[in-house]
Every structure is written in C-alpha cells, then in structure tokens.
Amino acid sequence: MDLYEYQAKELFGRHGIPVPAGKVAATPAEARAISAELDTPVVIKAQVKTGGRGKAGGIRPAAGPAAAESEAEHVIGMDIKGHIARRVLVEAATVPFEEYYAAFLVDRAEGAFLAMVSAQGGMEIEELAARDPDAIVKLPIDPVAGVDADTARQLVGKAGLPEQAAPVLEKLWRVLVEEDALLVEVNPLICTADQQIVALDGKVTVDDNAAFRHSWEYAEESVSLEAQAKAKGLNYVKLDGKVGVIGNGAGLVMSTLDVVAGAGAAPANFLDIGGGASAQVMADGLEIILADPDVRSVLVNVFGGITACDAVANGIVTALQLLGERGHGTPIVVRLDGNNAEVGRRILSDARHPAVRQVSTMDGAAELAARLAAGA
Amino acid sequence: MAIFLTKDSRVLVQGMTGAEGRRHTARMLAAGTDIVAGVTPGKGGASVDFGERTVPVFGSVADAVEETGADVSVVFVPPKFTAGAVEEAIAAQVPLCVVITEGVPVHDAVRFRALAAAGSTRIIGPNCPGLISPGQSSAGIIPADITSAGRIGLVSKSGTLTYQLIYELRDLGFSTAVGIGGDPVVGTTHIDCLRAFEEDPGTDAIVMIGEIGGDAEERAAAYIAANVTKPVVAYVAGFTAPEGKTMGHAGAIVSGSSGTAQAKKEALEAVGVRVGKTPTETARLMRSALDAR
C-alpha cells in the first residue's frame, strides 16, 4: 500500500529524519489554522498517491493564513490524474539550496534491496535515469547486514552528497526495515542554505502482507465495490467493459480477461474467488458482479484443480438459488474444465437454470459471453 | 528424468499437523510422493496416520533430517511463522525448500532468499503451488490426476494457469512442472528453471507462463537467446490489466511503462519464442514445436 506524503513524513519524523514543520488539513479552515500556528509562509500540497502534482497545480505557496485558506479551497477536491485530493499538507515553506535524490527499495529482479542516490534531485527518477544514468549511484544492500554508518558514508561519497546526509540515509534505511516498506523515496532530499538536510517530499510503500506485525492505521476512505469485495475475502478490480468475469486463481482470471478482450468485448472486472470455490463464495462473487450496472453478461471460468468440478458446479447451482431474482436474468456463461469436468457439467445441465449456458472451452466461452454482452 | 524433484526425493512437510498440511500431505502421498516426516515445533514424537502410511512428526527440521534423510521440505505454516520455518530448513541444509504459504512479508522473503543463497538450499516460492514430476513425486498442491508423465517442462508464476496447461497437454505429459509463485520476490526464477530444463535429458521442450509485473520475462528472454537450445513456447497473462491495479498476485501490477504484457510478449518473440494468445493456443504451439523436431 502506498502512503500519502503526510503519512510518510510522519514516519520520517518518528525515525528522526528532518522534515518541514507541518500538518495535514481536510478543510480550508483547518489549513488556515495550521498556517496561523506555523506563523511562517507555507506551502499547500495536495495529498494524492500519484506523481506530477506540481505540474497539475496541486502545490501552492501561501504567504499567510488567509492565503492558506483560499489556496486549500482551490486544492481540496482537485482531480489529479484521476486521484481526488481529499486533504492537503500545510507545511513551512523551505527553500532548497541543493536538491538530491535518495531511495531504498526492494529490487524484484535480484530479490534483494537496492539503494539509489543522486546529487541531481527534483525531477522524476525515470527522467533522470533516461537523461543521465551515470548520475544515479546504485548499490545493492545485503539484506542481513543492512546499511550501517560506513555504507551510508560510502553512498553519499559516491553520489557527491554532503557528509551530513549520511546519517539521514541510515535512518531512511531503518524506515524501510522497521516499517516493512517496499519503497522509501525522498525526492527531493534537500540541503538548505544553512547546511541542514531535510526531506522535502516522501514516498513510502508498505507491504500489506506485513500488517500483522505493525499497528498501521492507514484506512482508505472507500465505499467502492472493490472494498466491499475485499471485506468478503474476494479479490475484485473494477474495469470498464460489459462482460463480468469470475474465476479461480489470479493467473487464470487475468488470462480470462485477455481472452474476453480477444473475443472483441471488454471485461467489466477482475474477480478471483481463489481455490476451493464454496457455494457461498461463488454467490458473493456473482452478487458483486451482478450489482455492477454495466454488466451485460457474466463469464464464470473455473478450472478444477484441487477442487473437483462437481463441487464447483454444486457451488454455482447453490449460488444461483441464493441469488434468486437478484440475477435479473443476466446470462451466465460457465466453462468448467479439469478435474471431474464431465460430472460438473452434467450437474449444471440437470439444474436447467434459464440464465446459465455452458461451453466446454475457455476460448469458446469467452466468445459466447462477448456475443451475449453485445446483445446478439 | 525431471528437475529438482524425482521419485528418490524424500519429502518432509513443515506444518503437517495443521488442516492444510494434513490435507495436502494426503494428496502428495496419493501422487506417489515419498513423505518421510512432518515437522511441528513442540509435537516431536507424535505421528499422523494417512492410511497406507503413518508419518512420524519431529519437533525440528534438523531432527527430521537426521532421522529420515529428508532432502525436500514443503512449508505449509502460516505467514507469521513462515520465515522461521524456512530459516530452520536452510540451517538444516535441506537442499530444496518449497514454500506454499501465501501472504509472506516481502522482507522475510528477501532475507531467507539471501540466507539460502549463502547456504545450500534452493527455495521455491513463497505463494506458489509447488512442483510436480508426474508419476514420480509432488511437493506442493499441484493436482496429480489432471496430467501425466512425459517430456515437457513447465515453469509458471501462476497456479491455475499451470493446471490449465498441464491438463491441455496431459496426453504428451510433463517431466516437471514448477510453479515459482506470484510474489514480488521468489526464491527460484524462470531463468533457474529454464537452466535446469535445458540441462535435463528428460525434457525435450519448455512451456513458460508469465504475467504482468516486474521484468522476469524480459530477463528470461535474454537468457533463452544466449543459453537455451530446446524449443520454448510462452504465454503471458494480463494484457487487459490497467496500470496501477494489482491483479490478484502481489507481484502482478503494471507500474508506468514497465511490466506490461505487451513488452514481455515482444521481448520473448524477439528471441524466437512463440507466444500464444490464449492458454489453448499456447498448448497448440507446443504440439507443433514438438512435431517440428
């Protein structure tokens, strides 16, 4: 999960990394109060989990409380690349003398940790990597030994940062390790005219799998179908099309979306019900998909691996009974294959549910679902 | 022949006394796996009756290895305890440790991967279905009764797509099918499996299944160009996945311009690997690749 800048900076503060004085505000009045409290020129920063805020006008200076209120008024509710800014960070304006880049991250390709440091901060790291790759110092970090004072000194020395940046890098590493972060990035990390190192921005991604050993409270304000599905233990992602897709296993569902697209229709969602599809889980899944007004047909694509297809078929029959009239007659194309497929198909055909049609192959089922969604 | 796992493999199960561990141990036994031990801390001296075989339970991996000569461990313990279980297997120098558990923190995976690399253990997973050498042995949860023994090797991030392909090609059969797992950091990569299949005299051709996220498929393409002489066909899932949305697997996310299915397909095709548009077409490509030999 990506954190907002204000959450990242709270973490930094807790780990002793210098950040500008500031607080988060959800209303213009709060922004005004924070500005008055700070009693110094401030910057109003949109809190969105995407880059390019500055260019979109989501970062605005304000000389005093009145300006802070009106600028916050402007920024709160702003749509930046599809992300709505619900809060702003109001923080003391801090002038950089120099700007650097510093990050620690999980390097997927190597299955290890990586430090990336550059004396040229401020721009997007991808842009810098394209323009001047030699300006970025990359150093693999031994996951067992970690980053000690020596490693931190070595990093700032190689990258050409002032030596007082070394202890800050050491603390950034500790954020990565102690907070189970997959990414800790500061861009820019600045040096002020009086030689202070300050984290002017912060991007932290924490590992949801590690939530059991942290007391994180990073609740998302979401009432979406995706959140409802998650509460039922289903993995659902809303997409733009008309064919609802439900299947078992992330890979197979991803593949089903592609096959639907290949058949000329757009999938309405990704929904993985996982292994061992019980009737209740199948019913929950179908219910979420049928609640989407865009859905014109549903494709249930299940491969019986561990769970035999007869159990899956019984699950679908029970699910349709549980759903009853809520199905609204939306056609449901079912493809069952694998373990005990013959028996499973017979159970479904014996049930003679009017909305259900069976096709024995994945490609054929996708074609039928696509045709039905198009109204043919 | 096969890679990593053969009929001679002596398998221990960490977490065998739990519900999942017990269920899948029974299935592995039915697939012909030589299960020699279970390990559950604090339950040493107990045993579990699986009908045709009663499997002794040890309190530690080291004890189990010493008493039974186990050389493969399959891990079914909950995420909280997975790192400890895997590190125990590494310390006991178990040559192969298959981590089925889903939801393992990435930091834990990075750490045990490094410890394994420094020691003498190969890790497969976490968050994987394991591997099967049909007719010989199964370490994990891949169903044995949907395929057969043969001369195709398969490596995949996804469990269900593995099942789909080994089922479609069940008449030809497989030397070994390996599910490496869908997490951002896994112990064994596509490249590790490609190398092993290339060296395995029992494997004639290779199916590689990838999905969005990371650049493992691109790296595998470069490896194939330089090192693999056997025919490889591939499938990549996730062409319709939008940027920034995780598609089920923790690792399956397109960020910016990297990790797209299209980029992976192009990288593979550029080195002569035929890439199927659907799993079924991929199976067809494998048949024609074998016919052409």
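Is A:Glu91 buried or exposed, and what is its relative accessible area? I looked this up in the model, which is a predicted one, and found that A:Glu91 is buried, with a relative accessible area of 3%; buried applies because that value is under the cut-off of 20%.

**Entry on A:Glu91.** I placed this residue in strand S6 of chain A, which covers residues 88-92. Leaving aside residues up to four places away in sequence, I noted that A:Glu91 touches a list of residues including A:Glu5, A:Pro20, A:Gly22, A:Leu38, A:Val43 and A:Leu200. A:Lys9 and A:Lys45 are also among the residues that A:Glu91 touches, and with A:Lys9 I found a side-chain polar contact of 2.9 Å. In the unreviewed UniProt entry, A:Glu91 is listed under "binding site", as are A:Lys45 and A:Gly52, among others.

**Entry on A:Gly52.** I then turned to A:Gly52, which sits in the chain A loop between strand S2 (42-46) and strand S3 (59-62). A:Gly52 is partly exposed, its relative accessible area being 30%, and, with residues up to four places away in sequence not counted, it touches A:Ile80, A:Lys81 and A:Glu124.

I recorded B:His249 as buried, because its relative accessible area of 11% is under 20%. Beyond residues up to four places away in sequence, B:His249 touches A:Ala250 and A:Gly251 of chain A, together with B:Lys157, B:Ser158, B:Gly182 and B:Glu211 of chain B.

Methods:
Residues numbered from 1 in each chain as written. Chains lettered and ligands numbered in written order. Predicted model: local features only at pLDDT ≥ 70, side-chain atom pairs only at ≥ 80, totals over all residues. Heavy atoms only, no water. Buried < 20%, exposed > 50% of the residue type's maximum accessible area, 1.4 Å probe, protein only. Contact = heavy atoms within 4.5 Å. UniProt positions renumbered as here; feature names shortened; annotations may be inferred. Helix = DSSP H or I, 4+ residues; strand = E, 2+ residues; numbered from the N terminus. Polar contact = N/O pair within 3.5 Å; in protein donor to acceptor, adjacent residues only side chain to side chain.
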